[in-house]
Amino acid sequence: MDTSLASPSSTIADRLDAVRKSMHAAALAAGRDPASVSLVAVSKFHPQKSVQEALAAHQCVFGENRVQEAAAKFPPLRATHPNMRLHLIGGLQTNKAREAVRIADMIESLDRPALVDAIAKAADAEGRLPDLLVEVNTGDEPQKFGVPREEADGFIRLCQQRFGASLRGLMCIPPAGENPVPHFQLLRSMAHTHGLPVLSMGMSADFEQAIAQGATLVRVGSAIFGPRPVLA
């Protein structure tokens with residue numbers, strides 16, 4: 001994906017249109033139905049105004065890293081945009097589990113038994129359980145969130161036993177600077193083994209490759225919203 005699409009001279013609507021066209025072409029090139037791939041617009045660190053611009057361009061699914069930021073930004077928009085869906089895609093602390101369960105439609109970063117327990121307890125307290133994805137650390141990078149590869153199969157089974165059909169699939173973030181395709185292939189194989197339909201993989205630089213390998217969700221931020229704002 002050409003990140004120049006995120007230049008200041010283009011609008012969020014323009015960039016969304018370009019990303020959607022690239023997704024459509026990538027799906028057709030892979031012999032897939034373009035409707036089988038959904039776009040998660042990653043709005044982390046960008047203001048509510050940017051989300052409103054994307055909503056006006058008919059984008060309904062958004063991704064946020066931080067529970068506190070998402071809780072401030074999205075609930076006020078739901079009244080006027082009931083079809084909006086919020087995905088939490090960043091590493092999740094157990095003490096944030098209840099707020100995450102309260103506000104999210106999907107949590108993509110399930111990666112350890114303590115978080116399983118916290119989400120299950122929060123779901124009981126809130127009377128709702130979002131859709132869930134297991135995040136797999138396909139590169140076994142110590143600085144990253146995600147369950148290590150050798151522990152993934154057992155952890156996925158644990159989550160299926162605990163959450164049933166609410167455990168929808170898997171997510172990964174391949175190592176920077178590496179060919180992402182083997183990581184996408186590994187995630188696809190794991191999902192197939194466990195009968196999971198959702199594959200969240202691919203970001204601004206590699207979502208076309210992810211679509212070719214079976215992604216059903218792609219998480220695109222900078223190619224839509226532009227560079228991350230400088231925080232004070």
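This is a predicted model: local features need pLDDT of at least 70, side-chain atom pairs count only at pLDDT 80 or more; totals for chains, interfaces and linings use all residues.
Student: At what angle do helix H6 and helix H7 pack, and are they roughly parallel or roughly antiparallel to each other?

Tutor: Helix H6 covers residues 113-126, and its axis lies 11 Å from that of H7, with an angle of about 10° between the two. Angles under 35 degrees count as roughly parallel. H6 and H7 are therefore roughly parallel to each other.

Student: Which classes of residue make up the contact of H6 with H7?

Tutor: On the H6 side the contact is made by Pro113, Val116, Asp117, Ile119 and Ala120, while H7 brings Phe155, Leu158, Cys159, Arg162 and Phe163. Sorted by class, these residues of the contact between H6 and H7 come to 8 nonpolar, no polar and 2 charged.

Student: What is the handedness of the crossing of H7 and H8, left-handed or right-handed?

Tutor: Helix H7 (residues 149-163) packs with helix H8 (residues 181-194) at an angle of about 35°, and their axes are 11 Å apart. The residues in contact are Arg149, Ala152, Asp153, Ile156, Arg157 and Gln160 of H7, together with Leu186, Met190 and His194 of H8. By class, the contact of H7 with H8 holds 4 nonpolar, 2 polar and 3 charged residues. As for its handedness, the crossing of H7 and H8 is right-handed.

Student: Which residue forms a salt bridge with lysine 73, and is lysine 73 buried or exposed?

Tutor: The closest N and O atoms of the pair are 2.8 Å apart, and the partner of lysine 73 in this salt bridge is glutamate 64. Both lysine 73 and glutamate 64 are buried.

Student: Arginine 112 and aspartate 111 meet in a salt bridge; which of them is buried and which is partly exposed?

Tutor: Their side chains meet at 2.7 Å, taken from N to O. Buried means under 20% relative accessible area. Arginine 112 has 26% relative accessibility and so counts as partly exposed, whereas aspartate 111, with a relative accessible area of 10%, is buried.

Student: Which residues are linked in a network of salt bridges?

Tutor: The structure holds 13 salt bridges. The residues linked in a network of salt bridges are Arg98, Glu99, Arg102 and Glu126.

Conventions: Residues are numbered from 1 along each chain as its sequence is written. Side-chain values use heavy atoms; hydrogens and water are left out. Axes are lines fitted to C-alpha atoms, for helices over the stretch in contact, and angles run from 0 to 180 degrees between N-to-C directions. Helices (H or I, at least four residues) and strands (E, at least two) are DSSP runs, numbered from the N terminus. A crossing is left-handed if the near helix is turned anticlockwise from the far one by less than a right angle, and right-handed if clockwise. Contact means heavy atoms within 4.5 Å. Ala, Val, Leu, Ile, Met, Phe, Trp, Tyr, Cys and Pro count as nonpolar, Asp, Glu, Lys and Arg as charged, and the others, Gly among them, as polar. A salt bridge is a side-chain nitrogen of Lys or Arg within 4 Å of a carboxyl oxygen of Asp or Glu. Buried means under 20% relative accessible area, exposed over 50%, partly exposed in between (1.4 Å probe, protein chains only). Angles under 35 degrees count as roughly parallel, over 145 as roughly antiparallel, 65 to 115 as roughly perpendicular and the rest as oblique.
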